[in-house]
Amino acid sequence: MEKLLFIETGTGLDVHGQDVNVAACRAVKDAIHYNSMPGIRSMLPDGDINNMKINIKLAIPQDLDQLEHDKIKSMVPYGHVSVEVITGGMATTSGIFLKDQQDKNDLMYMVNAAVEVGY
C-alpha cells in the first residue's frame, strides 16, 4: 500500500462452535459497518473506489489454518482486498459446553481485526 488513509478496528466472538470464520467475520463487520466514507473518492487515484487497497489484519487465537480468506475478502465490496493473519485474539472458556450448538469444547474464540484502507 503506497498511502495509508485510515484504519478501522473491531472485535468478534464465536461463543459456541469454535469457528474462527464466525468470529473473524464478526470482527470485520464490527470494524467496517459503523463507518461511512463520503470523501474517499477524492483521495483515491482517478477518483475510483475500485482503486482502494484494503488490508484486513486478523489476530486469531487458534485454528488459523481454518480461516476462509475468500469469505473474509467478500465482506468488502470495493477495491483490492488482502487478508493477513497473525496469532492473537483470545480463546477462553464460555463457561458452558452446549452440544446442540456444535460445541467441540467450552471455549469461545475472540478475534481482533484491523482494516487498513488506502491505495
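Visitor: So which residues form a nonpolar patch on the surface?

Guide: Met 1, Leu 4 and Ile 7 form it, with about 280 Å² of accessible area together. Accessible areas come from the Shrake-Rupley method with a 1.4 Å probe, and for residues only the protein chains shown count as cover. A patch takes residues with over 30% relative accessible area and no salt bridge; like charges are joined within 9 Å, and nonpolar side chains (Val, Leu, Ile, Met, Phe, Trp, Tyr) within 5 Å.

Visitor: Before we go on, what sort of model is this?

Guide: It's a predicted model: local features need pLDDT of at least 70, side-chain atom pairs count only at pLDDT 80 or more, and totals for chains, interfaces and linings use all residues. Residues are numbered from 1 along each chain as its sequence is written, and side-chain values use heavy atoms, with hydrogens and water left out.

Visitor: Back to Leu 4, then. Where is its place?

Guide: Leu 4 is in strand β1, residues 4-14. Leu 4 counts as partly exposed because its relative accessibility is 45%. The cut-offs are under 20% relative accessible area for buried, over 50% for exposed, and partly exposed in between (1.4 Å probe, protein chains only).

Visitor: And how many helices and strands are there in the chain?

Guide: Three helices and five strands. Helices (H or I, at least four residues) and strands (E, at least two) are DSSP runs, numbered from the N terminus. The order from the N terminus on is β-α-α-β-α-β-β-β.

Visitor: What box do the C-alpha atoms fill?

Guide: Roughly 55 × 25 × 20 Å, taken along the principal axes. Of the 119 residues in the protein chain, buried ones make up 33%.

Visitor: How many salt bridges does the structure hold?

Guide: One. The side chains of Lys 57 and Glu 116 meet there, at 3.1 Å, N to O. That pair links distant parts of the chain, with Lys 57 in strand β2 and Glu 116 in strand β5, 59 residues apart. To count, a side-chain nitrogen of Lys or Arg has to be within 4 Å of a carboxyl oxygen of Asp or Glu.

Visitor: Is Glu 116 buried or exposed?

Guide: Glu 116 counts as buried, because its relative accessibility is 14%. Lys 57 counts as partly exposed, at 33%.

Visitor: Where is Tyr 78?

Guide: Tyr 78 is in the loop between α3 (69-73) and β3 (80-87). With a relative accessibility of 40%, Tyr 78 counts as partly exposed. Tyr 78 and Val 117 are 39 residues apart in sequence and 11 Å apart in space, C-alpha to C-alpha.

Visitor: Switching to backbone angles: what phi does Gln 18 have?

Guide: A positive one, about 50°, although Gln 18 is not a glycine. Most residues other than glycine have a negative phi. Gln 18 lies in the loop between β1 and α1 (20-32), and counts as buried because its relative accessibility is 2%.

Visitor: What about Asp 46, buried or exposed?

Guide: Asp 46 is exposed, with a relative accessible area of 78%. Its phi is positive too, near 60°, and Asp 46 is found in the loop between α2 and β2 (53-60).
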